[in-house]
Each structure stands twice: as structure tokens, then as C-alpha cells.
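Visitor: Please take one part of this model and go through it closely. I would like to hear about the inside and what surrounds it.

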Amino acid sequence: AMEAVRRLKRMVMFGAPGIGKTTFLKFVTRQMAAGKMENSFPVFLSLYTYAAESDGRDLLTFALENRFSMLYQGKELEALGRLLRLWHREGKLVFLLDGLDEVPAARRERLLRQIQSLPRFVLTSRPAGRVDANQEPDGTLDLLPLDDGGVARFVRKWEEWQTDRSS
């Protein structure tokens, strides 16, 4: 899935409840914020929260006013807004959009039109039917549950990662 995020500009990930969609997006956010994906700056948004609180604002304005304003204020927030809008135009901003299925149906079409116009995004949803978000032709991924062997591989890799991290 990380390779797909690196390779694709616009993608949709489907997965059953609890399979790790939100956790994966948060992991991607941390990887980008740490500079591990060149020319990628993350903007993580819960679409449920956006739908409930956006008051018609676009995704970037909402993120600036409701997420980044927790860290920046006044002239710093204005400067950040200018920088993020520039990066958005240059395609460096990556919207990590979680939970399309949690958006009320009455607001979903308008939101999808916004998402379709984004140069870069990863969108997650439960598999409640296919979504046309203008993703790339091979940009629809289904997250599948792990079998016993997959769980064992995950645990081994997690232990290796923890060991590397502590050293």
C-alpha cells in the first residue's frame, strides 16, 4: 500500500471496518511529515468531521482554519496558508481523506466533486459500492484481512522495526 501511495497521485482504498484504513493513513501522514516521501506534504482529514463542520469551506481552507490553527496563529497561519496553497498548485500537497462512507449521502456528491479536482489524494472508505473520485486507472485498492501467515509476518516485521527504532 505504501508503494501505491508513492507511485499514484490519486487513489481510493476500500476495506472492512477495523481493517486499518485510518491507521494506515496516519502512518502515511507521519512518513510524509518526517520527509520520507519527497515532494509530499500531508493534510489528514476525517471526512465525517469535515462534513459536520466545514460550513461550505473547501478542504484546504477547512484544514487551515480547523487543524493547523491549533499550531499556528495570526501571521504565521497566513504564511502557512500561502505556502500550502502554493504546494497545492505544485502538486506537493497530499490530501489523506478518511472515511467517505461516514459522510451523509446528501453531502457526498458535493464532496466527491471537490475530491475529483484534487491533484493528489488518498481516500478511504468501507466497501459500500465503487466510488468515482477521478482516481488513476489502477488507483483502487482493496485492503484484505491477513491470514495466519500474514499476521506472523506482520509481527516479525513489527519486532524488527521496534528493535531498529530502539537502537
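**The cavity and its surroundings**

Guide: The largest cavity is lined by Val-5, Leu-8, Lys-9, Met-32, Val-94, Arg-120, Phe-121 and Val-122 (a cavity is a set of points on a 1 Å grid over the protein atoms alone where a 1.4 Å probe fits but cannot get out; lining residues have an atom within 4 Å of a point). The model is predicted: local features need pLDDT of at least 70 and side-chain atom pairs pLDDT 80 or more, while totals for chains, interfaces and linings use all residues. Residues are numbered from 1 along each chain as its sequence is written, and side-chain values use heavy atoms, without hydrogens or water.

The volume of this largest cavity is about 40 Å³ (the space filled by probe spheres set on grid points joined across faces, edges and corners). The structure has one cavity of 30 Å³ or more. By class, six of the lining residues are nonpolar, two are charged and none is polar (Ala, Val, Leu, Ile, Met, Phe, Trp, Tyr, Cys and Pro are nonpolar, Asp, Glu, Lys and Arg charged, the rest polar).

One of the lining residues, Val-122, belongs to strand β4 (strands are DSSP E runs of at least two residues, helices H or I runs of at least four, numbered from the N terminus). Val-122 has a relative accessibility of 2% and therefore counts as buried (under 20%, with a 1.4 Å probe and protein chains only). Beyond residues up to four places away in sequence, Val-122 is in contact with Val-5, Met-11, Met-13, Leu-25, Phe-95, Leu-96 and Leu-97 (heavy atoms within 4.5 Å). Ala-1 lies 121 residues away from Val-122 in sequence, yet their C-alpha atoms are 11 Å apart.

Strand β4 is part of an open sheet of five strands in the order β2-β3-β4-β1-β5, with parallel pairing (two strands pair if DSSP finds at least two bridges). β2 (41-46) and β5 (140-143) are the edge strands: each has a single partner, so one side of each has no neighbour in the sheet. From one strand to the next, the twist averages 15°.

β4 and β1 run parallel and are joined by five bridges; the bridge partner of Phe-14 in β4 is Ser-125. On β1 itself, five of six residues are buried, which leaves the strand mostly covered. β1 (residues 10-15) also pairs with β5, in the parallel sense over four bridges, and Val-12 stands opposite Thr-140 there. Helix α2 (residues 21-33) packs on this sheet, touching β1, β2, β3 (93-98), β4 (121-125) and β5, and its direction makes about 160° with that of β3 (axes fitted to C-alpha atoms, for helices over the stretch in contact; angles run from 0 to 180 degrees between N-to-C directions).

β4 in turn stands between β3 and β1 in the strand order.

How values were computed:
On a 1 Å grid over the protein atoms alone, a cavity is a set of points where a 1.4 Å probe fits but cannot get out, and a pocket is an open set with protein on both sides within 12 Å along at least five of seven lines; lining residues have an atom within 4 Å of a point. Buried means under 20% relative accessible area, exposed over 50%, partly exposed in between (1.4 Å probe, protein chains only).
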